[in-house]
There are 2 protein chains.
Amino acid sequence: MSNSKKLFRRCRAQMKDISSLACVGGLLAWDQETMMPPRASPARAEQSGVIAGVIHEKFIDPAMGAMLAELDAHADDLSSSEAAIVRERLRDYRKATTLPLDLVRDMARVASLAQDAWIKARAKSDFAMFAPWLEKTVALKRRQAKAYGYRGHPYDALLDDYEPYMTVAELDPVIDELTQGLVPIAHAITSSSANIDARLLHGHFPEAQQELMCRAIAARMGLDPQASRMDRSAHPFCAGISSPTDVRITIRFDEHEVTKAVSNVMHEGGHALYEQGLPERFVGTPLAESISLGIHESQSRLWENVIGLSLPFMTFLLPLLRTHFPGSFKKVSASQLYRALNRVGAKPIRIESDEVTYNLHIVLRYEIEKALLTGDLKVKELPHVWNDMMKKLLGIRPKDDAHGVLQDTHWASGLFGYFPTYSLGNLYAAQFWNTLTKDIPHIDAKMARGEFAPIRAWLGEHIHRHGRRYTALELIKRVTGTPLHAYHFLNYLKEKYGEIYKIRW
Amino acid sequence: MSNSKKLFRRCRAQMKDISSLACVGGLLAWDQETMMPPRASPARAEQSGVIAGVIHEKFIDPAMGAMLAELDAHADDLSSSEAAIVRERLRDYRKATTLPLDLVRDMARVASLAQDAWIKARAKSDFAMFAPWLEKTVALKRRQAKAYGYRGHPYDALLDDYEPYMTVAELDPVIDELTQGLVPIAHAITSSSANIDARLLHGHFPEAQQELMCRAIAARMGLDPQASRMDRSAHPFCAGISSPTDVRITIRFDEHEVTKAVSNVMHEGGHALYEQGLPERFVGTPLAESISLGIHESQSRLWENVIGLSLPFMTFLLPLLRTHFPGSFKKVSASQLYRALNRVGAKPIRIESDEVTYNLHIVLRYEIEKALLTGDLKVKELPHVWNDMMKKLLGIRPKDDAHGVLQDTHWASGLFGYFPTYSLGNLYAAQFWNTLTKDIPHIDAKMARGEFAPIRAWLGEHIHRHGRRYTALELIKRVTGTPLHAYHFLNYLKEKYGEIYKIRW
C-alpha cells in the first residue's frame, strides 16, 4: 500500500469517529423533539453541549488538518472517490478552523438573546424591540463573512454554509429570471375569477387513522421500515440519525384537515429517501452526506409538490382517504381534490403560502439579506422596505410587523444565507422532474397507481448515491444536461395552473 | 474561597461532563432497545463504542486522578457532601485505572466470543461446547481479581463491581443464614397439599388496554410524567437517562396473562422511583448515583413482591383489572387473585421462579462462582455439581443442561459477582419493609386504597436521597437499626406463605 493510501486509511478512521459522534448529536436532538420528558431539558442541554464540544475538538484537530492537506496535495495517488472525500473534508476543516473563537462565542450568545427578544417582539408586533438585536446580528454576520473570506459579494461567504460553492454571481441571474417570470404568473392566478372550493378538505379525521394512512404512504414511497421510523412532533422534520440505515421523520396531525399530514409525509419522506439513498459503503465520509440544503429541499419539494399535488397522485390518494376515513370524500372527485389542494392566494405569511407565491417571499428575503450585509439597507428601514416589497411582489401589505418582517425565526437565530435554499429546492426539483419525466415512460399512469419505485430509483441513481461528489450546480448540469435555470419551474407552474385557473399565457 | 474549594469546583465540572456523556451512552442503549430501526445496529455499535472511548479517556485522565487525590488528602476543608463525592469518585478512578489495557481487551474479546458459544451450546443443550469458553472466562476473572487486589477472598474483588465495599466475609454468614432458613421453608411449601388455582390469571388481554392500566399504576406509584416515560421492549428494563429528570422504563405485554405486565411495571417502577428520588442538586456526582445493584434491586423487589404480591394490593388491583378488561375477573375475589399470584413451585429455570425458591437459585450460583474462582471446582465438573446442588436445595433435577447450567447469560458475558445482588435485593427489601411498616401506620389499608405516596416518601427520605453517601451495609444499619440479616426475609416468607399454604412453622 502506498503512503497516501495508508494515510487516507488513518484519516478515514478519524472521520468515521467524528461522524459517529455527529450521529449521537442527531439522536439527542431527535429524542428531544419526540420522546424526552419535559423536565429533562436542562440535562439535555448539557449533554448536547458536551457532545458538540467533543466533536468540535476532534474536528479542528490540527493533526487531522495536516493529514488532509498532505492527502490533497497527493490526490493523484488516490482513487477519485478518495480524492473527493479529502477535498470535501479539507474544505469543512478549513471552514471550521477559520472563525476566531471569540466570534463563535459572540454569535452563540447574541443568537440566544436575539431569539428571546424576537419572541417578545413578535408577540407585541413591535419591530423596534427586535431592531437592536438584528443590528448586532448583522454586524456579526459581516464579521463572519470577512473571517470566512470571499471573492465577490460578502453574501457568498454566508450562503456557502448552506449551499456550498454557490455565489451571488451565480444565484442573482437565476433569482432575477425567477422573479421576472413569477410576478406576472402569480398576479394572473391571484386575480383570476376561477372559483375553487377548498371546503371539501375540512372534516374530522382521527389521528390514529391519519397515522395509519401516513405509514401506508411512506411505505409506498419506499421508506425502508427496517431502516426508518415515523413519529409525531410539534414541527415535522427529517433526521438522518445514521444515514442510510437510520432515518427518522416526524409528522404533525391536524384533526380537521388530513391533507396537511399527507403533505408532511411526502415532504419529510422526500428528505428521508435522500438520506436513505446515500451510499452505505462511504458512511462516515462526505460521500455519504447530502450536497446542500437546496438539493435536500429539492427532494422534499419534488415529493410534496410536484408529485403530491399532481392530478395523477389524487387518483392514488382518494381511495386511501376513503378507506381510512369511511364516510369522508365520498362525493369528491380526484379533480375536485386536485383543485382544492392547489388553490393559490397571496398571503402575508411565508409558511402558509402555496407553491406559486411562496417563492416571492423568498425573493424578498434574499434581496433584503444582501442589502443588509452590504449596508445598502439599514435595519431601521426594514419594516417599510418589507411592506413595500410585499406590495410590489405579491400585491398585498401585511397588517402588522408580526405578519410581516417579524414572522420568521431565521434572522433571530443568525441564519443569513439560508432562505434562498428553499427556492433553490423548487427550481432544482422542477429541473430534475423535467428530465425524469423524459426518462420514465407513462409517469402519470404510474403515479396514479401509486407506483413510485421508478421515481425513487431514478432519484437514487442520479442524485442520492453521489453524496457530495459533485457541487449542486455540477449535479444539475450532469443530470439535466443544462445549467440551472428558473424556466423549468416557471413552465411547470404555467402548465399546471394555466389548466386549473383557465389562463392562457 | 479556599484552594480546596476551588479545586473541588474544577473537579466537579469535569465530573459533570463525564456524567453527561454517560447519560448519552444510556440514551443510545435505551433507543437501541425501544426505537432504533434494526438495520442501524452496526452504526449504533460504532456510536456506542466511540462514546465509551471518550468517556473512558476522560475518566482515567491522570490530571483528574491527581485532583481527586489532592482533595481527598484535604477532605477536612470540604463539606461532608463534598468529601463523600471525592471519596467515591476517587474510588471509581482507582478501579478504572487499575486494570491493564491488555486484560480489558482480552475480557471484551472473550466475552463476545463466549456469548456466541453460549447461544449455540444452549440451543444444543451441550455444555461441552461452552466449557472451553467458560474456562477462559474464569482464568480472566482470576486475573481481574488479582489486578484489582483483595484482602480476603478473590471473589471480593469481583463482587465489588456490583456491590461496592461488600466482602465474602460479610456476605457468607448472611447467605448461610438464608440457605439454612429457606431450604426447609421451600420444602414445606412445595410439598404442601394446598390446592391453588392459577388458571384464573389466564385470558385474553388486549395490549392497548394493558398499557393504559400500566400507565395508571405507574402514576399511582408516583412516577412523574414530566420526568419519565414508559415504552415497550422485548426485555423490560429501567434506564436512568439523566436521573432524576429523565427516567425511562419499558414493559413487555403478554396477551394471555395481564398480571405479568403488572409485575413488570411494579418492578421497573420501583427502580425508576429510586432514580427519580436521587437528589437533583448533586447531579453529575456520586451523590446522585445509586449505591449498588443490590440496593437498586431492593427497590424493584419491594414494589414488585412485597407490595405487588400482597393481599391489600389485590384490593387495589382488582377494580383496575375489571375496568380495563370488562368481562374478565368478574367472579374472582382479591383473595383468589392473591393466592394465584403467590403459587410456589420448584422450577429448574431461575427467571421462572417465585419469590421463595428464587433465592435458592442464587445461592447455588454464588457457591459455584466462589469455588470456580478459587479452583476448588473445575469447569468440567459443573453440570454434575449444578444438578446435585439443585437436587439438594430445591429437590429437582434439570432435564438437560439448557434447563440447568446453561440457562443464564451472565457467565458468558463475564459477569461474576453479579448474581448475589439479586438475593441481596430481596433481603434488603424485607429488612427495609420491616422498619417501614413500623413507621407508617395503617399501611395495609393505604395499599388497598392505592395510596402509595407515604411509601414512596419513606423510601425517598431514607434511601433515595442519599445517593452513594453510605455503603449498602451502612445504609441498612442506619435505616433499620440492625446489621443485615436474612431473618427479616425469612420471617416475611413464613408469615405470608404460612397463611396461604396453611403451614404452622
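Val24(A), Leu427(A), Val24(B) and Leu427(B) touch the most other members of the largest nonpolar core, which has 289 residues. Such a core is a set of buried Ala, Val, Leu, Ile, Met, Phe, Trp, Tyr and Cys residues joined through C-beta atoms within 7 Å. This is a predicted model: local features need pLDDT of at least 70, side-chain atom pairs count only at pLDDT 80 or more, and totals for chains, interfaces and linings use all residues. Residues are numbered from 1 along each chain as its sequence is written, with chains lettered from A and ligands numbered from 1 in the order in which they are written.

**Contact between the chains**
- Chain B and chain A each give 27 residues to the contact (C-beta atoms, placed from the backbone, within 7 Å).
- On the side of chain B that touches chain A, H1(B) supplies the largest share, eight residues.
- Leaving aside neighbours within four places in sequence, Val24(A) is in contact with Ile51(A), Val24(B), Leu28(B), Gln47(B) and Ile51(B).

**Helix H3(B)**
- The buried residues of H3(B) are Met64(B), Met67(B), Leu68(B) and Leu71(B) (buried: 20 or more other C-beta atoms within 10 Å of the residue's own; exposed: 12 or fewer; C-beta atoms are placed from the backbone).
- These residues lie on the same side of H3(B) because they cover an arc of only 95 degrees around the axis, taken from the directions from the helix axis to the C-beta atoms.
- Pro62(B), Ala66(B) and Ala73(B), on the other side of H3(B), are exposed.
- The cover over the buried residues of H3(B) includes H1 and helix H4 (80–98) of chain B; helices are DSSP runs (H or I, at least four residues), numbered from the N terminus.

Terms used:
Contact = placed C-beta atoms within 7 Å. Helix = DSSP H or I, 4+ residues; strand = E, 2+ residues; numbered from the N terminus.
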